[in-house]
Structures are given as C-alpha cells and as structure tokens.
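Work through these exercises with the model open beside you. Try each task before you read its solution.

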Amino acid sequence: ILRFPGNDFTELEKKILSSSSDLTFVSVKKSGHKLIIEAFCEKTPIERFRLEKTEILSPVGGTVLKIHVISGKAAVSSGQKVTEGDLLVSGVYDLKGEERTTKAVAEIEIAAERQVKTEVSDESEKTKERAVARALAEKEDEDVISSSAEIGRENGKLICVVTVVYRVRVT
C-alpha cells in the first residue's frame, strides 16, 4: 500500500510520465480514498507539455487558431486576437468560493504575422516572387500558413512589402 501525504502528487506524475515516451501529460488527483489518474497520449508527440507552469502566456501577437485545454481554464477562445504576453490559460480556479491553483496545460496554435520590406528596382511579378522567397528563407523553420507581396512607393523609393503568416505552437 502506497501512502501519499497531502495532495501533492508531483513526483508520482513525473514517474508515470517518464515511464512511457508516448505520454505527453499526466495528472493525479485525490478523490476521497481514490487516486484519479489522467493521461494524455500522442502517437507522435511533438513536445512534452511543460508541467511546472500555472499559467500560459502568448509568446507572440496574432490570432488564436486552436486552443485545447487539458488542465486549467482558457482565458481566450479560438478566433480571438492576442498580443505578446497575454494570458492564454490560467491554472487558477474557484472551488466552493475558495481560490485554488492547478497546472496550466494546453495545446494552442496562434497565427502570427511578420513583414519584410525590401527596396526593389521594378514592379514585376518575378520581383515579388524573389522578395517572398528571400523573406521565407530568413526563417526556414517557420510553419508558414500564407505569404503575400505588395509593391509601393515609400520616400520616393520602390518598396516590396512581404507579409508572412505563420503558425506558432504553444504548450
């Protein structure tokens, strides 16, 4: 018989999580005389969840594409615009009028945008294509959703503005 003083099961959660490379999240809670174990499993886990956080903040500004909360409470919803540092998931919740804290665990996708300005010599489609290729090559590891290019004048110079929309995954 195992005894667990109090309600801190952090070590047990870590042992269960480390027992299988397929597990990405484990939560252990006490309910009366029983332990309730929740486990989240991915066939091909991209990244293990960070279990030490009680809140998840946005690393970038953009639009929330998807939010799947496993533990905690969503502070935003799909389609909502966020700025860098905004609270996405909180581990604080109310239980019978008492404030409690749990882990903030979620899978979130945000569509972020960056712009690259380049001085160009003409307004051809080939010039736009080259500017887009250069902008995409700057950050090859981005999960690009879309890109576009517009050419205009700025201070008398011909400028191509490339807009790259990319996906940021937050756990």
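**Exercise 1. Find which residues of helix α2 are buried, and on which side they lie.**

Step 1. Apply the cut-offs: buried means under 20% relative accessible area, exposed over 50%, and partly exposed in between, with a 1.4 Å probe and protein chains only. In α2, the buried residues are Thr127, Lys128, Ala131, Val132 and Ala135.

Step 2. Look down the axis. These residues cover an arc of only 135°, so they sit on the same side of α2. The arc is that of the directions from the helix axis to the C-beta atoms.

Step 3. Recall the helix rule. An α-helix has 3.6 residues a turn, so residues three or four places apart point the same way.

Step 4. See what this side meets. The buried residues of α2 pack against β10, β11 and β12. Contact means heavy atoms within 4.5 Å.

A note on the source: this is a predicted model, where local features need pLDDT of at least 70 and side-chain atom pairs count only at pLDDT 80 or more, while totals for chains, interfaces and linings use all residues. Residues are numbered from 1 along each chain as its sequence is written, and side-chain values use heavy atoms, with hydrogens and water left out.

**Exercise 2. Check the span of α2 (residues 125–138).**

Step 1. Take the expected span as 1.5 Å times one less than the number of residues. Helices (H or I, at least four residues) and strands (E, at least two) are DSSP runs, numbered from the N terminus.

**Exercise 3. Give the strand order of the open five-stranded sheet, and name its edge strands.**

Step 1. Two strands pair if DSSP finds at least two bridges between them. The order is β6-β4-β10-β12-β11, with antiparallel pairing.

Step 2. β6 (81–82) and β11 are the edge strands, as each pairs on one side only.

Step 3. Zoom in on one pair. β11 and β12 run antiparallel and are joined by 11 bridges. Here serine 146 stands opposite valine 165 in β12.

**Exercise 4. Is serine 148 buried, partly exposed or exposed?**

Step 1. Locate serine 148: it is in strand β11 (residues 143–154).

Step 2. Its relative accessible area is 37%, so serine 148 is partly exposed.

Step 3. List its contacts. Beyond neighbours within four places in sequence, serine 148 touches Val132, Val161, Val162 and Thr163.
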